[in-house]
Amino acid sequence: MSRAIGPERASGVSLNVTVYFDAASTAPLHPVARQALTAALDEGWADPARLYRSGRQARMLLDAARETVAEVLGARADEIAFTASGTQAVQLGLLGALAGNRRRGGHLVHSAVEHSSVLHVAERHTAGGGEASVVPVDRGGRVDPAAFGALLRPDTALAALQSANHEVGTVQPVGEVAELCAAAGVPLLVDAAQSAGRVDVPAGWSLLTASAHKWGGPPGVGVLAVRKGVRYSSPLPADEREGGRVPGYVNVPAIVAAAASLRAVRAGAEQENARLHALVERIRARVPQLVPEVEVVGDPVQRLPHIVTFSCLYVDGEVLLTELDRAGFAVSSGSSCTSSTLTPSHVLAAMGVLTEGNVRVSLPYGTAEADVERFLAVLPELVAGVRAPLGLDLPVPAAAAAQEGSALLVIDALGKRCPLPVIELAKRIGEVPQGGTVAVLADDEAARLDIPAWCGMRGHEYAGEAPAADYGGDRGSAYLVVRRTT
């Protein structure tokens, strides 16, 4: 299920069979979903709001699908509404709950590592006069329930916390946060896009969202569940469909396929999760053994069974992903280098880990052990190949550096991006003695995140930021690093 045949090279020589390791973005269509979709296209194509026979047939299929989804997610059928995507479900859930609780206040609380759909709603909310408080996370990407609870106020209209992170797989303490929200009388929206179907839905939610294509259903189906008694006012014009929460015609065949695959995936989740967990554990353990200067990020224990993310120092993330693609592996990254906006991942930045050169491996159901072994076999050579032109195999001897280096070194990395400022720092820090300072001049925003993260990984001291003009620069900032290790 994790494989697909790739195209041919211009020479006519076939590429390697592509191994798909990006289930966190979208999972391959589950066989049950394919079967259900085909059948529903014949039986459920009519308007379920109509009273003629084909309409009643479509309505029966839609009702059955709603019952199935509600049972798996621990909700009532009349609490479930289907949307056009998981993102739309999150946006409607947030906006509707904020509107429904506007008499209480205009304060929103969410974690720093939520999906961008939450962040965009928060931006719109604050632009319209509301307030938003952001809960920080630790280096593993996990919120502290006490810190979350401390931000709840009498005027807090809504809190939002994902069940598990989409970039690093860290599972959040939703149950503990839900108890604090309940005690404060604050509804809690839980984004379960990455966990629904794979693990049990956390208890205590007021609103829940999910996305079918994450569990092997067809794309274009999201789920918005709103508990009875939760104040909710649709942010969109009224419509008689989906309980008035989601306007527009529903895609009955896709919804039927989504429900069928959710039930199938959940039925086999316990056994498959154990198998995928073992494969991910193998990747987590062996990548640092096989590849030097690598940090595996995310909580090592409280995590989803199928996601592992690691960051490679001195590596351009886009180049590494391209090399892995050429080797036959489809993976993803949160690196700013792989983003069309060149904006560092807000998740990795909030965690305080390296935002460049990271690789997210997310295993779909049915991933073969042999594919994981081949990935581990090719990765070291690919990383070494990407690093080879950088001259990192020729470090300055520590003894010579201690004798010959001065106490201050200025590295001009102005105009260099993603991840050249850190590479230059790594290559030249040996030129100062222990206790000496390196000032890295950079005008790339990623340096503000990556240089402190590099110091944490390498055992050096990050001494802060100063104007680049203090060290001869004409723009940007000077990032100060004190050498502490040999």
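Select Glu242 to begin: this residue sits in the loop between S9 and helix H7 (252-267). Helices here are DSSP runs of H or I with at least four residues, strands are runs of E with at least two, and both are numbered from the N terminus. The model is predicted, so local features need pLDDT of at least 70 and side-chain atom pairs count only at pLDDT 80 or more, while totals for chains, interfaces and linings use all residues. Residues are numbered from 1 along each chain as its sequence is written, and side-chain values use heavy atoms, without hydrogens and water.

Stay on Glu242. Its phi is positive, about 50 degrees, although the residue is not a glycine. Most residues other than glycine have a negative phi. Glu242 is buried at 8% relative accessibility. Buried means under 20% relative accessible area, exposed over 50%, and partly exposed in between (1.4 Å probe, protein chains only).

Next, Tyr314. Look in the loop between strand S11 (307-312) and helix H9 (317-326). Tyr314 is not a glycine either, yet has a positive phi of about 65 degrees. Its relative accessibility is 9%, which counts as buried.

Now go to Lys214, in the loop between strand S8 (207-211) and strand S9 (222-226). Beyond neighbours within four places in sequence, the contacts of Lys214 include Ala23, Ala24, Ser25 and Gln194. Contact means heavy atoms within 4.5 Å.

Select helix H11 (residues 369-387). Its 19 residues reach 28 Å from first C-alpha to last, close to the 27 Å expected at 1.5 Å a residue. The expected span is 1.5 Å times one less than the number of residues. Zoom in on Leu379: a kink of about 30 degrees lies there, shortly before the proline Pro380. The bend is the angle between axes fitted to the seven residues ending at a residue and the seven starting there. Among the buried residues of H11 are Asp371, Phe375, Leu379 and Arg387.

Last stop: H8. Its buried residues include Glu272, Asn273, Leu276 and Arg284. Show H7, S11 and H11 too; they are among the elements that cover the buried residues of H8.
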